Amino acid sequence: MPDYQTFDHDVLVIGAGGAGLRAAIAASAAGVSVGLVCKSLLGKAHTVMAEGGIAAALANVDDRDDWRVHFADTMRGGQYLNNWRMAELHAKEAPDRVRELEAWGALFDRTPDGRILQRNFGGHKYPRLAHVGDRTGLEMIRTLQDHGIHQGIDVHMECTVIRLLTDGSRIAGALAYERERGRFRLFRCRAVVLATGGVGRAYAVTSNSWEYTGDGHALAYQAGAALQDMEFVQFHPTGMIWPPSVRGILVTEGVRGEGGVLLNNQGRRFMFDDIPESYRSQTADNEEEGWRYTQGDKTARRPPELLTRDHVARCIVREVREGRGSPHGGVFLDISWIRRKIPNAREHIIKKLPSMYHQFKQLADIDITTTPMEVGPTTHYIMGGIRVDGDTQMSTLPGLFAAGECAAGLHGANRLGGNSLSDLLVFGKRAGEFAARFAREHGPAAVDRAEVEDAIRCALEPFERAASGAAGDGPYRLQQELQATMQDLVGIVRTGPEMERALDRIEELKERARRVGVTGNREYNPGWHTALDLANLLTVSEAITRAALERRESRGAHFRDDHPRPDPAFGRFNLVIRKGKDGRMELEREPIPEMPEELKRVIEEQK
Ligand SMILES: Cc1cc2nc3c(=O)[nH]c(=O)nc-3n(C[C@H](O)[C@H](O)[C@H](O)COP(=O)(O)OP(=O)(O)OC[C@H]3O[C@@H](n4cnc5c(N)ncnc54)[C@H](O)[C@@H]3O)c2cc1C
């Protein structure tokens, strides 16, 4: 049995994106010892890719904005399946978290009078996204990292956690391997914060980075914590579709926020053809009004391109299916048309959307200041995740906390753009604080040596199978088959029979994954890493599919062709998944607690 190194921390934070860094800072500030583990190098987490901005009702650009409007927008966007307590805390606390980031050195774009500039985004009634051009995530990570490294946090980079350890009733630690050397590390701790991000790599077309293999979701589930609302996967309407090598890369909603329009192959702004009833009163009647909105006219209503992502994505799918798509199977997104409206359009576009300009120039040889982009939906975000308490972020397993994309609740059935970065700050801080409190109030838990050895043995099995000639498929093949299955059968438009087929395929892939083999040695072996990620991808894919089958209605990001309408009965509960005693996935309906009267009133007032 190989050796492993042991590390002791009061709080172990797994993940160094926005949520993990903010949690580590908060826990450290509370006076406990903190370890921070991440798969990649510090500063390279997926948060760095965030483009459009951080949603917070600062009211710098439109003084009608406040937490109530943000709360109501978030609940409407989530189709009222949200954890309303989280939506309330998020709307109230996001402005302070953004100002705090500024105090720590973040350089935001500015209004003419020197305040943080805010831009329009889908589903937000007023301009609300604090931003740095279209590179907001980079600024956020840089600032949190700079601030964090002065807090005395122990960072374990390029280190992947493969199992959470419990003493039977609460969290006790985690086991990880070093990506570079292949050696194992045991972390003993009193509390764990999971901040591992999303699951996009379960799909073939995604905006997500290689790290997004659903590790936190699967680790929590395997350790006995509950998952919630896994059926809600967000397909962002605008990903690049051409050339094939860049398919899925995100085209920020900021393009539409700055006046970009969606056109079909007949040059028609098709988004005007389908405006949902619940948004009609907030949506422009005509193109001129939509343009005025993007230019800050407070009397104008938003253009339909800025409706919620689920709706825009489905409208694009409809155009393509009905033969009105672009040459490579998407639609056109045009920001160059603003030349007809403003004299210095080229400079304006490059200043406001520098990354988009370079992305299209370098990857597709397209100048977005003169030429429309071709775009189509891409798997982007998961609203579902680890079920947590709204105030503390503790999961259903004592001592295990979760924050950021891997946690569920805030976004309900659909996330509004910009609400993730604010989620990371608000609930990262809360998770860190409450994990520190838990660590102070509880003594160390016992780590079971046999469990550690079992986890190491399981991790090394793919090598042994290959060495003994007992191996089946390689990990990449299985990963690709899984991605194709999820893309084709559990994608943006779903049906019961297709998802039944997906479940059969997932069962078959699980069986084949038990025989997966890898060659080579343990030093930086991506095949081995993929073999270990595969188990997590299979767990989250099964959870998504089972929950999506159970939700026999269409709501938010979850659309069923065989049940195309929302069903009010399905609006009263969350779907919760746990590992049963026999090891199978169990699914239950958990009623959503009654919302307090004052919050109901806020929603009514904002209708
Ligand atoms: C292109 C793009 C643009 C976006 N733009 C915006 C935007 O403008 N506004 C907005 O609000 N949202 C945006 N989003 C969404 C947002 O960026 C993410 O939801 C958010 O950054 C997730 O942050 P996180 O802290 O939860 O996870 P991440 O930033 O992904 O961090 C996850 C961390 O967990 C680590 N990790 C994962 N698994 C393990 C493991 N097993 N062991 C150890 N460490 C592990 C990773 O190494 C990483 O450090 C965008 C997303 C994309 C893809």
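Predicted model: local features only at pLDDT ≥ 70, side-chain atom pairs only at ≥ 80, totals over all residues.

1. I would begin at the largest pocket, which holds about 1,300 Å³ of space. It is lined by 39 residues, and those closest to its centre are Arg 163, Gln 222, Ala 535, Asn 536 and Thr 539. By residue class, the lining of this pocket splits into 20 nonpolar, six polar and 13 charged.

2. Which elements each supply at least two residues of the lining of the largest pocket? They are strand 8 (159-166), helix 5, helix 13 (449-467), helix 15 (496-513) and helix 16 (526-550). Helix 16 gives the largest share, with 10 residues.

3. Helix 5 (residues 215-223) deserves a look of its own, as it is mostly covered, with eight of its nine residues buried. The buried residues are Asp 215, Gly 216, His 217, Ala 218, Leu 219, Ala 220, Tyr 221 and Ala 223. Just after the helix comes Gly 224, which has a positive phi of about 110°.

4. The largest cavity contains about 50 Å³ of space. Its lining is made up of Arg 256, Gly 259, Gly 260, Val 261, Arg 269, Glu 287, Gly 290, Trp 291, Thr 294, Pro 303, Glu 305 and Trp 337. Helix 8 (residues 287-294) provides the largest share of that lining, four residues. The classes come out as four nonpolar, four polar and four charged.

5. The second largest cavity has a volume of about 40 Å³. Around it you will find Leu 21, Leu 36, Leu 42, Gln 145, Gly 148, Ile 149, Ile 153 and Val 155. Helix 4 (residues 136-149) contributes the largest share here, three residues. How does this lining divide by class, and how many residues are charged? Six are nonpolar, two are polar and none is charged.

6. On the sheet side, please look at the open sheet of four strands, which has the order 17-12-19-20 and antiparallel pairing. Strand 17 (385-386) and strand 20 (585-591) are at the edges with a single partner strand each, so one side of each has no neighbour in the sheet. Inside this order, strand 12 (residues 227-228) and strand 19 (residues 573-579) pair in the antiparallel sense over two bridges. Gln 228 has Val 576 of strand 19 as its bridge partner.

7. Elsewhere, Tyr 177, Phe 184, Phe 463 and Trp 528 make up one aromatic cluster.

8. Lastly, there are charges over rings. Lys 92 is placed over the face of Trp 67, at 4.6 Å from the ring centre. For Tyr 381, the group over the ring is the charged end of Arg 415, 4.1 Å from its centre.

Key. Residues numbered from 1 in each chain as written. Heavy atoms only, no water. Phe/Tyr/Trp six-rings, centres within 6.5 Å; stacked < 30°, edge-to-face > 60°. Lys NZ or Arg CZ within 6 Å of the ring centre and 35° of its normal. 1 Å grid on protein atoms, 1.4 Å probe; cavity = no way out; pocket = protein on both sides within 12 Å on 5 of 7 lines; lining within 4 Å. Points joined across faces, edges and corners; volume = space filled by probe spheres on them. Nonpolar A, V, L, I, M, F, W, Y, C, P; charged D, E, K, R; others polar. Buried < 20%, exposed > 50% of the residue type's maximum accessible area, 1.4 Å probe, protein only. Pairing = 2+ DSSP bridges.
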